[in-house]
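Subject: Structure for your files

Hello,

Here is the structure I said I would pass on. Please look it over next to the notes below.

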Amino acid sequence: MSDKIILGIESSCDDTSAAIIKGNKILSNIAASQKIHIEYGGVVPELASRAHQQNMIPVVQKAINQANIQQNQIDAIAFTRGPGLLGSLLVGTSFAKSLSMSLNVPLIEVNHLQAHILAHFIEDANSYPPQFPFLCLTVSGGHTMIVLVKDYFDMEIIGKTIDDAAGEAFDKIGKIFDLDYPAGPIVDRLAKEGNENAFQFNKPKLENYNYSFSGVKTSVLYFIQKQTKENPNFVQENLNDLCASVQKTIVDVLMKKLEKAAKDFNIKQIAIAGGVSANSGLRNAMLRNAQQKGWEIFIPKFEYTTDNAAMIAMVGKLKFDRNEFADLSITATARYDMESDLNTKK
Ligand code: KG4
Ligand code: ZN
């Protein structure tokens with residue numbers, strides 16, 4: 001165990017984030033999200049890279065200031081190597097490499113998906129971390145999977161989506177309702193005032209622990225097309241009920257496979273991670289299972305759910321303790337398998 005000070009840098013998609021960790025404790029966690037994508041209804045990779053270029057230095061500076069440390073106290077720099085948008089990753093990777101050279105401190109590469117899961121090990125006065133083995137439903141804009149976490153860096157994906165990710169489903173269905181990007185948090189907010197049983201949408205019927213969300217999206221699309229032919233104001237007039245029903249459908253699909261996995265693997269330590277773990281419907285479903293099935297549940301603090309550098313710094317700390325450093329020839333990688341031993345080798 002070390003009490004090292006590590007700077008974490010995250011730039012895999014459209015959030016530029018920097019955080020400082022000391023031991024397992026976060027001293028600062030700063031993020032600049034990019035509003036530019038709202039008008040395009042989704043992330044435009046080229047614009048994301050440019051915005052990272054603009055945001056990176058001020059965000060890192062703010063993280064250092066807020067942590068109340070000096071630059072020369074930083075013991076290592078951890079950065080997101082992948083998966084993500086290559087142009088975005090390159091900004092963070094190049095910045096981390098340059099800073100590590102100028103400060104003469106080691107560099108640590110981090111797999112973004114592992115980081116979402118390992119965010120559960122950030123020290124917090126009000127909670128304690130899960131014990132191995134545990135199951136983690138990792139749900140974000142780009143990924144949806146059930147991971148069997150056997151150790152910090154020993155993870156097995158037991159099920160995943162065969163098409164859209166859960167966050168993508170929220171965002172694409174929100175777009176059908178004419179909501180801004182990313183629609184997930186907006187659907188969540190509107191759903192709170194709606195009736196979740198107002199409308200029924202198709203649910204996938206897949207074997208084992210895999211997911212599919214494109215059928216849900218198509219089912220919503222056809223339903224809305226049909227209804228708006230009869231009443232052009234159908235969406236506006238039923239927005240809360242539509243959001244609540246969509247949220248219930250997506251959460252039901254997610255939970256069904258997670259419950260099956262928990263039963264089959266006989267595991268009661270269940271965690272959620274990734275942007276969609278901020279969803280209140282999913283959080284409530286987890287709480288229900290805790291009461292009814294005796295699950296011990298692990299729900300990340302809100303600020304550690306969507307993309308953030310605190311989770312990158314946390315992995316940095318774990319790898320520092322293992323002496324797992326990267327050398328300066330390292331490059332970003334858009335596709336980065338979290339199960340592969342690439343994670344532990346340079
Ligand atoms: O983990 P994340 O920040 O980025 C990726 O690595 O993808 O996840 C972003 C995704 C977006 O699709 C966003 O709509 C979704 O998480 N999201 C939510 C909520 N907050 C964020 N979806 C549903 N309900 C929320 N409260
Ligand atoms: Zn993410």
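**The ligand site**

Ligand 1 is surrounded by 19 residues, and the closest of them are Gly141, Asp171, Asp188, Asn279 and Asp307. Please keep in mind that this is a predicted model.

By class, the residues of the shell around ligand 1 comprise 5 nonpolar, 11 polar and 3 charged. As for where the shell comes from, domain 1 (5-119 + 304-344) and domain 2 (126-299) each give at least three residues to it. Among the helices, H3 (112-118), H4 (166-176) and H5 (184-191) each contribute at least two residues to the shell around ligand 1.

The space that ligand 1 takes up is the largest pocket.

A backbone N or O atom of Gly142 is 3.3 Å from an oxygen atom of ligand 1. For Gly275, a backbone N or O atom is 3.0 Å from an oxygen atom of the ligand. Asn279, which is also among the closest residues, uses its side chain: a polar atom there lies 2.9 Å from a nitrogen atom of ligand 1. Ligand 1 on its own exposes 550 Å², and 89% of that is buried by the protein.

**Backbone points to check**

- Gly82 and Pro83 are joined by a cis peptide bond, with omega about -10°. Pro83 sits in the loop between strand E4 (76-82) and helix H2 (86-103).
- Tyr181 and Pro182 are likewise joined by a cis peptide bond, and omega is about -10°. Pro182 belongs to the loop between H4 and H5, and both of these helices supply residues to the shell around ligand 1.
- Asn104 has a phi near 60°, which is a positive value in a residue other than glycine. Asn104 lies in the loop that runs between H2 and strand E5 (107-111).

That is what I have for now.

Regards

Methods
Residues numbered from 1 in each chain as written. Chains lettered and ligands numbered in written order. Predicted model: local features only at pLDDT ≥ 70, side-chain atom pairs only at ≥ 80, totals over all residues. Heavy atoms only, no water. Near = heavy atom within 4 Å. Polar contact = N/O pair within 3.5 Å; in protein donor to acceptor, adjacent residues only side chain to side chain. Areas by Shrake-Rupley, 256 points an atom, 1.4 Å probe, with all protein chains shown as cover. 1 Å grid on protein atoms, 1.4 Å probe; cavity = no way out; pocket = protein on both sides within 12 Å on 5 of 7 lines; lining within 4 Å. Sits in = over half its atoms within 2 Å of the grid points. Helix = DSSP H or I, 4+ residues; strand = E, 2+ residues; numbered from the N terminus. Nonpolar A, V, L, I, M, F, W, Y, C, P; charged D, E, K, R; others polar. Domains from an automatic or database assignment.
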